[in-house]
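Please look over the sequence and the model first.

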Amino acid sequence: MKNILYLITLIMVFISRFTVNLNAQIIDINEKWVKVADALNFPEGPAFDGKFTICISNCYGGWITRYSEGVKDTFISKVDDSLLIEKTNGLAFGYDGSLFVCEYGKGKILRVSPDSRIEVYSDGYKGEKFNRPNDLTFDKNGNLFFTDPKSYDKNMLDGRIFFVDANTKETKLIEDSLAFPNGINISPIDGKLYVCESAKQKIFRYTITKENELIDKQEFVEIPGGDPDGIEFDVEGNLYVAHFGGKTIYIFLPEGKLIQKIETPGSKPTNLEFGDADYRTLYLTEVETNSLYNIKTKLPGKKLITNK
């Protein structure tokens, strides 16, 4: 009898955690995704420059697309600089206006300056190149954190997280033994580092120490039925998760309670980014349709407190 009551309690906790509060919805149920760019090739990224432009990786195409004020063009490609660009994934703009790029084809982190010069920002650790840099984020001091997965297997714990010091440019390994670490971001509310372990279908969070080490790893949420991929925070500290294979965007409160699920145009959403001047517009990359979309939110019209 005790076992049955315990099982019922677990089920009720799970249902409670994944029950949506209709009064707290951030995106109106009548809002629709708007396709703003298509003909992409496994789009990822995306990254907003804080002004007018969204940049998107084309993971299998070898070029980065730029979308600005209704116009789509090619920002940079392996044709332009075949020595550095091969296959790109996560993108983020730094405080100096440079675009930082996960170059997973060659196992490097690249920096593209505002005048489009490409340089290697970090090319490996202890003499070996990275496995396949996936996603990246900055803290308020300009230090870089990025994920470096290898095997997609929940039992093959060979994924890592690296840190690059903004001043010394030193690269440090700060976490290992992860099951395909993927999306990564820092909460503007609690300052913790959030990381998707896609092969476990879970999101974890860490406390970042003053020495830029990771401690107190905690499970934030588990999302079965697909892979938690790219993640983004809004101005209120809610976490948005692109659920690859699940055809869904999940929105969680800072304490981990689900407040909304949004169906996506295709079944394979990869990543998210707030853009436009008021940071009320959510952009989405999706690979089944190979397109970039956006949707309006009901967030307050103020600038996002961001770590990027």
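Leaving aside neighbours within four places in sequence, N89 is in contact (heavy atoms within 4.5 Å) with E44, G45, S57, C59, C102, Y104, P133 and N134. The model is predicted: local features need pLDDT of at least 70, side-chain atom pairs count only at pLDDT 80 or more, and totals for chains, interfaces and linings use all residues. Residues are numbered from 1 along each chain as its sequence is written, and side-chain values use heavy atoms, with hydrogens and water left out.

**Position N89**
- N89 is in strand β6, residues 88–93; strands are DSSP runs (E, at least two residues), numbered from the N terminus.
- Because its relative accessibility is 9%, N89 counts as buried; buried means under 20% relative accessible area with a 1.4 Å probe, protein chains only.

**Nonpolar cores**
- A nonpolar core is a set of buried Ala, Val, Leu, Ile, Met, Phe, Trp, Tyr and Cys residues joined through side-chain atoms within 4.5 Å.
- The largest such core has 27 residues, and W33, Y240, L282 and L292 have the most contacts inside it.
- At least two residues of this core come from each of β1 (34–37), β3 (53–58), β19 (239–244), β20 (248–252), β21 (258–263), β22 (269–275), β23 (281–286) and β24 (291–296).
- Another core lies apart from it and has 14 residues, including I64, I85, F93 and I118.
- Not counting residues up to four places away in sequence, L282 touches I27, W33, Y240, L272, E273, F274, Y293, N294, I295 and T297.

**Strands β20 and β21**
- β20 and β21 run antiparallel and are joined by 5 bridges; strands pair if DSSP finds at least two bridges between them.
- F252 stands opposite L258 in β21.
- The hairpin of β20 and β21 has 5 residues between the strands, and G256 there takes a positive phi near 100°.

**Aromatic rings**
- The whole structure holds 15 aromatic pairs; rings of Phe, Tyr and Trp (its six-membered ring) pair if their centres lie within 6.5 Å, and planes under 30 degrees apart count as stacked, over 60 as edge-to-face and the rest as tilted.
- F220 and F252 have ring centres 6.1 Å apart and planes at 75°, so this pair is edge-to-face.
- F220 is in β17 (residues 214–222) and F252 in β20, so the pair ties together parts 32 residues apart in sequence.
- Both F220 and F252 are buried.
- Y250 and F252 are stacked, at 6.0 Å centre to centre with 10° between the planes, and Y250 is also buried.
- Y194, F220, F233, Y250 and F252 form one aromatic cluster.

How values were computed:
Helices (H or I, at least four residues) and strands (E, at least two) are DSSP runs, numbered from the N terminus. Buried means under 20% relative accessible area, exposed over 50%, partly exposed in between (1.4 Å probe, protein chains only).
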